[in-house]
Amino acid sequence: MLYFISSSTNPVFNIACEEYLLKNHEDDFFFLYTNTPALIVGKHQNTLAEINLDKAEQENIPVIRRMSGGGTVFHDEGNLNYCFIKSGEKSKLVDFQKYSQPIIDTLQKLHVNAKFEGKSDLTIDGKKFSGNASHIFKNKLMQHGTMLFSSDLNRLNQLLKVNPLKFKDRGIRSIRSKVTNISEYLSHSMSIDNFAQLILTDLTTKFPDAKEFELSAIDIEKIEALMTEKYNNWEWNYGYSPNYIFEKLSNFSGGIILEVSMTVEKGIIKNLNLLGNCLVENHILDFKSLMIGQYHNKETVYKHINNLKINLYFKHITQKEILSAFF
């Protein structure tokens, strides 16, 4: 087994690194990384249904879809992430408890009563501090998990707060649990870097043949190419979402009402219905025709709305209000 701590805190780089090592190296790996603030969405989720988009945009928080299933999580500098990549017999690869046990063992040494509970969670006093997810590629497993060490839990809750009534789809919904930070249970203060080193020390004790690894210049170049091709793209992070129906009723000042209902497939608006007392009935069909076939993202919708003489289609409502009704 090879082990390392990523020298990067770029969430796009580290998520791409997981896929690159899984698919391009024969070795088994264990590595740790921390990210600057980011929202990490499960592979089979509807991104817009999982995040507080307005809050994420206000704070310039990137949203990245990962390879594995499971729910959406928030990463920041107080969240330590780990990843196992292991070869084996395909039918016996997935074992959440097995690959979580090294983390539990380290915490038990620190007199923190961590437990494995449910399908893939790690808890302290019934509160979740780690969620795990996995992905199989050929005869290899990637299992990765979060470890809330000293994360900003208020920010986490705000960024993951959404209105579930706006979306109808078959995407996997995140299950919200009470969460906690590991640091609250330590008998003495410890930095997240020291905690990471302690986990590595325990791991190398269990696996004495483990060797330290460093990404080569070629590795980094290929990871950066994967970032460009996939993980920095709206089509993967948002457009890959399951097909969904979006419905939203908006009330604006002056008693103005606008109801938007649309069908979205692979991120593209396929059908659009509008109701409300602000529509110019003779021309609203033209507006709908312009929007069908466009990506359901703010940049695209804003561009089209901003380029129109909006009073041809709507009355007593601003372009900003119309945009808000679409998200």
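Author: The answer below takes the strands first, then the helices, and then the cysteines.

The model is predicted, so local features need pLDDT of at least 70 and side-chain atom pairs count only at pLDDT 80 or more, while totals for chains, interfaces and linings use all residues. Numbering starts from 1 along each chain as its sequence is written, and side-chain values rest on heavy atoms, with hydrogens and water left out.

Helices (H or I, at least four residues) and strands (E, at least two) are DSSP runs, numbered from the N terminus. Two strands pair if DSSP finds at least two bridges between them.

Glu-259 has Leu-275 of β15 as its bridge partner, and Ser-261 is opposite Asn-273 in β15. The two strands form a hairpin with two residues between them, and Lys-266 in the turn has a positive phi of about 55°.

At the other end of the strand order, β11 holds Lys-168. Lys-168 is partly exposed, with a relative accessibility of 47%; buried means under 20% relative accessible area, exposed over 50%, and partly exposed in between (1.4 Å probe, protein chains only). Leaving aside neighbours within four places in sequence, Lys-168 is in contact with Asn-243, Tyr-244, Ile-245 and Glu-247, contact meaning heavy atoms within 4.5 Å. The C-alpha atoms of Lys-168 and Phe-246 are separated by 6.6 Å, although the two are 78 residues apart along the chain.

A further open sheet, with eight strands and mixed pairing, has the order β7-β8-β9-β10-β6-β2-β1-β12. Its edge strands, β7 (114-117) and β12 (211-212), each pair on one side only. Strand β1 (residues 2-5) and strand β2 (residues 29-34) pair in the parallel sense over four bridges, with Leu-2 opposite Phe-29 in β2.

Helix α1 (residues 11-24) packs on this sheet and touches β1, β2, β6 (79-87), β9 (127-137) and β10 (140-148); its direction makes about 170° with that of β2. Helix α6 (residues 192-206) lies across β1, β2, β6 and β10, and runs at about 175° to β2.

α6 also packs with helix α4 (residues 96-109), at an angle of about 115° and with axes 10 Å apart. This makes α4 roughly perpendicular to α6; under 35 degrees counts as roughly parallel, over 145 as roughly antiparallel, 65 to 115 as roughly perpendicular and the rest as oblique. Residues in the contact include Pro-102, Ile-103 and Leu-107 of α4, and Phe-195, Leu-198 and Leu-203 of α6.

Last, the cysteines. The whole structure has zero disulfides, a disulfide being a pair of cysteine sulfur atoms within 2.5 Å. The closest cysteine sulfur to that of Cys-83 is in Cys-17, 8.0 Å away, which is too far for a bond. Cys-83 is buried at a relative accessible area of 0%, and Cys-278 is buried at 0% relative accessibility.

Terms used. Axes fitted to C-alpha atoms, helices over the stretch in contact; angles between N-to-C directions.
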